[in-house]
Every structure is written in structure tokens, then in C-alpha cells.
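Student: I would like to go through a structure with you, one topic at a time. Could you show it first?
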Amino acid sequence: MDSIIKRIEAEIAAHTPIKDQEETGIVRATGDGIAEIDGLERAVMTEMVMFDPTFDRTLEDALKDSNVVYGLILNLEEDGVRASILGDSSKVYEGMLVRRLGRLLSIPVGEKLIGRVVNPLGAPVDGKGPVAGTVERPIESQAYGVIDRSPVNTPIHTGIKAIDAMTPIGRGQRQLIIGDRGTGKTTIAIDTILNQISEDPSTRPICVYVAIGQKESKTARIVADLAEKGAMEYTIVVTAPASSPAAFQFLAPFAGVSIAEHFMEQGKDCLVIYDDLSKQAVAYRQMSLLLRRPPGREAYPGDIFYLHSRLLERSAKLSKEKGGGSITALPIIETQENDISAYIPTNVISITDGQIFLESDLFNKGLRPAINVGVSVSRVGSAAQTKAMKKVSGKIKLELAQFRELEAFMQFASDLDENTKRQIDSGRRLTETLKQPNGKPLAFEMATAVIYAATNGFFDTFPPEETAKAEARLQDFLTRDAQAELKAIRDSRDLSDETVEALRAKLTQFVERS
Amino acid sequence: MEKAYAQALTNVLAKGSSEDEVVSSLIKHLKQAGRMKLLPAILRELVVLKARTTTLGATVEVATEAGKADALKEAKEAGIEASSAVVNPSLVSGWRAREGGRLIDRTGKRALIDIYRRITS
């Protein structure tokens, strides 16, 4: 009791009015999460305002519920402003006092956020109490310019063989994951986070998973999964669930990248996953229509491209002078009926440095991850691919493309020559090798060894349909008997002649034993 | 268009023109221009403008009757001039004045709420 009394006394003694004069406005009308405000003549775009419920209440009532609701100014008009309400819009009423806060929308960022689940305003939603020791950072900021950047040259391993081999991702790259619902987009993103556990802690990227418009149960499952596998030790989750206001869903990706930028500026690597930007676009469309901005194609506002480009441009690989940190972005886009030529998919495809296209047909055939190799591409990742992976995966894309052609031919050709049959079998084995169960990312050195075995005929003694079993046995064998070879690949990130020699010997031994 | 008409009417009236003259001139003009349909919309805009002027007009509130004169004087010194002050006991002590988008809040209620928020946050 004494300490409380002392604290209150100290607060009263130290109290000085926040400001003698404030700029305020009055809510003229409100509805659908948008407030029209009179006054606030000097307000600026994306400035925060506070809807103050205490102004016209008695002290007793005000203290019972003194929680304020914040708003974000998004329209400056001739006779007032329009603001998006960031919170419970039912608490905002006509005639309510609105105070300017004089600062742009900011969120708390810092090391203490790691392992936490926060909303787009940085408030924790995981029930673990407030986050201390953070600094404020504006949600919107200018992307780094050309001078401050360096080319993408370091890989980020997803642990998914098909991606690391054929569409490699570099640190600082923006790689789109696109596909219909239920094709495994989130799985790829989560596996990539899980795989970072095998990275050395000094180079391990800090992961930020931004859930936009997702079911809360799905986000809870993902968080539990990450926590169970130890990945929350380097992960921050920003969530704006489907039940949250459209403004939260619009802001969530910007909050995620602001958190990551803080670490990037300290020279650290970050991985940000936006799951998904189609829902953000829909939320932004809703807000824009309610703000009476003119609708364009598919009723999206005219600046929908800029919404995504300014977000994804903030992913960067900084120059050494700037600390050398990076933000790798894995935006996710959901397509309808595999249509990648729709408005938002084409926009984001043109902004990003490549895409991983997941197809529902392949998924239904049991090919998982259901990557369409023909349409998937990485424009800058090959520069960052490790030498070892580059050496073993060079031929894969071509072989798979030839196999797909032959497979189509096989549908109507009855007699096939031995060479064609061999090529088809080899393609089948390769396809089987690239299959991978979810939640089981593969360490880079193991993936390299497996792909080496697949592309050099070490699975040829097994029937194509048993390749997956053979691969599982091979992984066990290598873990048990080829630690030295795997370590050599891991340390050197290359396949030297000696390592190849030793690996071949081990693989031959495996084939003989099987 | 109706906003512009309403704004123009307000400006003309603020300069001291006679209300009857302004209204008859407006109707004559609208008839000549074939825009009589705009009249209800102009009326709506005028109502909005009036409401805005009232809500954003100069007001001074004081906690007690005794503080009225001082509050009006202090508010005037701070740049807000109101003809009278309204007693609002919920302010606890002091006064507050508002005009346009400007608010000067020197009430005990505000100070107490600030302290409460700081302690409980």
C-alpha cells in the first residue's frame, strides 16, 4: 500500500499538463470502421488520432472506462478528414472529441518482441504480458535506395529440396508463393521458418510471420507448431485475423516489415512472410471504398499496385556500409482456379524477384510440394545458390521438363523404345525424390546428397514408385554412416572432387546393401 | 456543386448582406440556370455548415460559477474569445475552452485522468 501511495504522490508532484493547447476535432459521422471528423485542419496523412471517450463524461464514468480508441487519418478533405478506426468502432460516436497525436502511426520494435505474438499496433496478444524495452518505429517508411543496397549473394535455405534446387532464394530477395487455396502455400512458408533452426545462430535470420485475415485457429496452430519445434526462439508473429477491422489487415504487413527493418539496420538477416497479400488487398479495397476513393479494376483503388510495391521494396540486402543486413520477403498470393493472370497476382508477380507456383492438380496427384516447375522461377536466387547445390541441381529443371513432355507423349504412344522408357523412369524417380512431407524441412547438406544420388543414377536399382522409401533409407544411412561427407558439404558449401569421391563411395555402399 | 453554393451563401451572409435579398437572388439565379433541383441539397449543406459552426464555435466551460469571469479572461488571453461560459461541475476544477479545432484544457478532470492513465498503463 505504501508503495502505491508513494507512486501516486510522485506522479501528482511530477504532473505537468501534456500540452496547453491541442488541436482537436469532432466526429461528424461514423460507420463501417470509418469516422468523418470536423476540425483537425493541420492533420497530416497517416497521422494517428485518439478518440477520447473521457471528454464529455463525468470523472467517475471516465475512470471506469478510460480506454481510448486510436484512428489513422487516411483522407484529407476540403471540409474535414476521414480516419480509419483502429479498434472497437462501436465505441466511437457522433460528437466525440478527437485529439491529434502529432505522430505518424508507429509500433514498438526490438529484441524483446522475439517469441511474441502481436497485433499490427505492436500490442501483445499472446497473454504473456506487455513487451518492455522496445523503441517506436513508424509503420510507413521509405525503402532503401540503390546506393545503400548490395546484390543478393547469400542463400536462405528453405529446407525444401525442390525449391532449394530449382528456385533458390537469396537473402534480400522477394519470392512470391502463389497458388489456389489448399495447395500448401503456408506449409512452404512455415517449413522455411522451421528450417532456419538448422542454421548457425550467428547467421540465422529472424523470422516474422504476418498472418493477414487468417482464421485465429490457424494462426494458433501455426504458433503452437513453431513453439513446439523451437522456432519461436527466433520468430515474431504479427496477426490481424479475419475478425479484426480492415484497417488492421491493411496495416499488418507494414507492421511486420517495420519490425524486420529494425533488425536489418543492426546488420541482421530477416525473413518476413506475408500470409497473404490477396487478403490485404481485399481489406484495402474495403477501406478505400468506404473512404469514397474512386474504384478501378475489380473495384480496387488506383494505388493498389503502390500498396504492394512500397511494401515489398522495403525488402533489401543492405551494403556493407549500412551493416549488411537483409530482409527476405515471401509474400503469399491466393489465386482462383489457378488464374495467375488476375489483377493482384500479376501485380505482385511483376513486383517480386520470382515466384513459386503451386498447382492444385499436382497437389491432388500427390506431388507435394505441388510446385509447377515450368511456371516457377527465381530471378536473382541463382546468384546466391551455394556451389554445392548448383553443382547437383544444374540438370534437374531440364530433365523434369523433358520428362513432362515424354509423360504427355506416353498417354497415346504404346510402343516406347528403351531409351525413352529409361528417361521416363528417371523422370519419375526424380519427381519422387523431390516430394517431401510437410513439417520436415531437410538440412542443406542432406538435400544436396540426396539430389546428387537422384541425378547420378543411385536410385536406378529401385522401381520408380519405391524411390521415396529408398530416399528415406538413404537419409538414415547418410546420417549414420556419412557424417564426415555431410560435414564437408556443410562447412565448405561446395562439392570438392574429394567430397564427391567420398560421397560416391558411400552411395555405392548404400546401393550394394539395399 | 451544392457545397459551393452553401459556402458562398455563408460567406455573403458573413459580410453583412440581408438574408432576404441573398435568398431571393439565389432562387432567381437557380431558376435562370435551370438548377432549381439543387435547392434541397443546398439546404442540407447549409444545415451541415450551421452544425459545424456550432460544434466548432467558441465555448468556455468552467467547473464552478465563481470561476466564470477568470476563465473567460484567461481564455481570451490564450486566444479563444467567447461571450459567456457554461458551468460544468464534472470538470472538477479549472476551465477549458474550445474554438475551431483548438482546445485548451486546464481542468482538474483532465489532469486526474492523465495521472490515472500513467499509473495504470
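Student: In what order do the eight strands of the open sheet in chain A run, and what is the pairing?

Tutor: Please keep in mind that this is a predicted model. In chain A the order is 8-12-11-13-14-10-15-16, and the pairing is mixed.

Student: Which strands stand at the edges?

Tutor: Strand 8 (117-118) and strand 16 (377-378) of chain A do. Each has a single partner strand, so one side of each is left without a neighbour in the sheet.

Student: In which sense do strand 15 and strand 16 of chain A pair?

Tutor: Strand 15 (residues 354-358) and strand 16 of chain A are antiparallel, joined over two bridges. Within this pair, A:Gly354 is opposite A:Ser378 of strand 16.

Student: And how many bridges join strand 13 to strand 14 of chain A?

Tutor: There are six, and strand 13 (residues 269-275) runs parallel to strand 14 of chain A. There, A:Val272 faces A:Ala329 of strand 14. Strand 10 of chain A is also parallel to strand 14, with three bridges between them. A:Ile177 has A:Ile332 in strand 14 of chain A as its bridge partner.

Student: Is strand 14 of chain A mostly covered or mostly open?

Tutor: Mostly covered, since eight of the nine residues of strand 14 of chain A are buried.

Student: Which helix lies across strand 14 of chain A?

Tutor: Helix 9 (residues 343-351) of chain A lies across strand 10 (176-179), strand 14 (326-334) and strand 15, at about 160° to strand 14 of chain A. Elsewhere, helix 5 (residues 216-228) of chain A lies across strand 8, strand 11 (206-212) and strand 12 (235-240), at about 175° to strand 12 of chain A.

Student: Let us take one residue. Why does A:Leu176 count as buried?

Tutor: A:Leu176 belongs to strand 10 of chain A. It is buried because 26 other C-beta atoms lie within 10 Å, and the criterion is 20 or more.

Student: What is A:Leu176 in contact with, beyond its neighbours within four places in sequence?

Tutor: The contacts of A:Leu176 are A:Pro331, A:Ile333, A:Val348, A:Ile349, A:Thr352 and A:Gln355.

Student: How many residues are in the largest nonpolar core, and which have the most contacts inside it?

Tutor: That core has 134 residues, and A:Val208, A:Val210 and A:Val272 have the most contacts inside it. Helix 6 (residues 246-264) of chain A provides the largest share, 13 residues. A second, separate core has 13 residues, including B:Ala71 and B:Leu103.

Student: Going back to A:Val210, which residues does it contact, apart from those within four places in sequence?

Tutor: Among them are A:Val238, A:Ala252, A:Pro253 and A:Val272.

Student: Now chain B. Which residues of helix 4 are buried?

Tutor: In helix 4 (residues 68-77) of chain B, B:Ala71, B:Leu72 and B:Ala75 are buried. They span an arc of only 95° around the axis, which puts them on the same side of helix 4 of chain B.

Student: What covers them, and what is on the face turned away?

Tutor: The cover over the buried residues of helix 4 of chain B includes strand 1 (59-62), strand 2 (85-87), strand 3 (94-99) and strand 4 of chain B. The face turned away carries B:Ala69, B:Lys73 and B:Glu77, which are exposed. Helix 4 of chain B is followed by B:Gly79, with a positive phi near 105°.

Student: Lastly, how many residues does each chain give to the contact between chain A and chain B?

Tutor: Chain A gives 24 residues and chain B gives 21 residues. On the chain B side, helix 3 (39-55), strand 4 (102-107) and helix 5 (108-120) each give two or more. Helix 5 of chain B gives the most, with ten residues. By type, the chain B side has ten nonpolar, four polar and seven charged residues.

Student: How does strand 4 of chain B run against strand 1 of chain A?

Tutor: Strand 1 (residues 21-31) of chain A and strand 4 of chain B are antiparallel, joined by three bridges. A:Glu23 has B:Arg102 as its bridge partner in strand 4 of chain B.

Methods:
Residues numbered from 1 in each chain as written. Chains lettered and ligands numbered in written order. Predicted model: local features only at pLDDT ≥ 70, side-chain atom pairs only at ≥ 80, totals over all residues. Contact = placed C-beta atoms within 7 Å. Helix = DSSP H or I, 4+ residues; strand = E, 2+ residues; numbered from the N terminus. Nonpolar A, V, L, I, M, F, W, Y, C, P; charged D, E, K, R; others polar. Pairing = 2+ DSSP bridges. Axes fitted to C-alpha atoms, helices over the stretch in contact; angles between N-to-C directions. Buried ≥ 20, exposed ≤ 12 C-beta atoms within 10 Å, placed from the backbone. Arc of directions from axis to C-beta. Core = buried A, V, L, I, M, F, W, Y, C linked by C-beta atoms within 7 Å.
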